[in-house]
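Please look over the sequence and the model below before reading on. The paragraphs that follow take the reader from one part of the chain to the next.

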Amino acid sequence: LPILDQYSQQAAEGVVVAKVNVDEAPWIAQQFRVMSIPTIIVLKNWQLVDSKVWVQSIDSLNEMVAKHI
């Protein structure tokens with residue numbers, strides 16, 4: 001997703017942006033109960049704290065992550 005590439009360029013220190021191909025790693029999709037693609041998940045201390053199907057803007061992604069850092 002281009003929005004993730006853009007976000008990763010400006011993410012706060014300590015924020016890691018990663019993409020997962022669920023066809024190649026279906027166990028990850030299963031672990032986080034990903035039902036639709038693209039799904040954005042936020043982990044804190046390796047625990048799921050937020051998720052959303054599709055993020056429409058950098059601002060909404062910033063808000064989603066900022067709540068948890």
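**A walk through the predicted model**

Tryptophan 54 is partly exposed, with a relative accessible area of 37%, where buried means under 20% relative accessible area, exposed means over 50%, and partly exposed lies in between (1.4 Å probe, protein chains only). The model is a predicted one, in which local features need pLDDT of at least 70 and side-chain atom pairs count only at pLDDT 80 or more, while totals for chains, interfaces and linings use all residues. Residues are numbered from 1 along each chain as its sequence is written, and side-chain values use heavy atoms, with hydrogens and water left out.

Tryptophan 54 sits in the loop between β2 and α3; helices (H or I, at least four residues) and strands (E, at least two) are DSSP runs, numbered from the N terminus. Together with Leu1 and Val53, Trp54 makes a nonpolar surface patch of about 260 Å². Patches are made of residues with over 30% relative accessible area and no salt bridge, like charges being joined within 9 Å and nonpolar side chains (Val, Leu, Ile, Met, Phe, Trp, Tyr) within 5 Å, and the accessible areas come from the Shrake-Rupley method with a 1.4 Å probe, only the protein chains shown counting as cover for residues.

Most residues other than glycine have a negative phi, and most peptide bonds are trans. Tryptophan 54, although not a glycine, has a positive phi of about 60 degrees, and asparagine 45 also has a positive phi, near 55 degrees. Asparagine 45 belongs to the loop between β1 and β2 and counts as exposed, at 67% relative accessibility. Isoleucine 37 and proline 38 are joined by a cis peptide bond, with omega about 0 degrees, and proline 38 is in the loop between α2 (26–31) and β1.

From the surface we turn to the interior. In soluble globular proteins, nonpolar side chains tend to be buried together.

Aspartate 50 is found in strand β2 (residues 47–53) and counts as buried because its relative accessibility is 17%. Beyond four places in sequence, aspartate 50 is in contact with Ile40, Ile41, Val42, Met64, Lys67 and His68. Aspartate 50 and lysine 67 meet through their side chains in a salt bridge (3.4 Å, N to O), a salt bridge being a side-chain nitrogen of Lys or Arg within 4 Å of a carboxyl oxygen of Asp or Glu. This pair links distant parts of the chain, 17 residues apart, with lysine 67 in the segment after α3; lysine 67 is exposed, with a relative accessible area of 61%.

By this rule the count comes to two salt bridges. Aspartate 5 pairs with lysine 19, the closest N and O atoms being 2.8 Å apart, and joins helix α1 to the loop between α1 and α2 across 14 residues. Aspartate 5 is partly exposed at 40%, and lysine 19 is partly exposed at 48%.

Terms used
Contact = heavy atoms within 4.5 Å.
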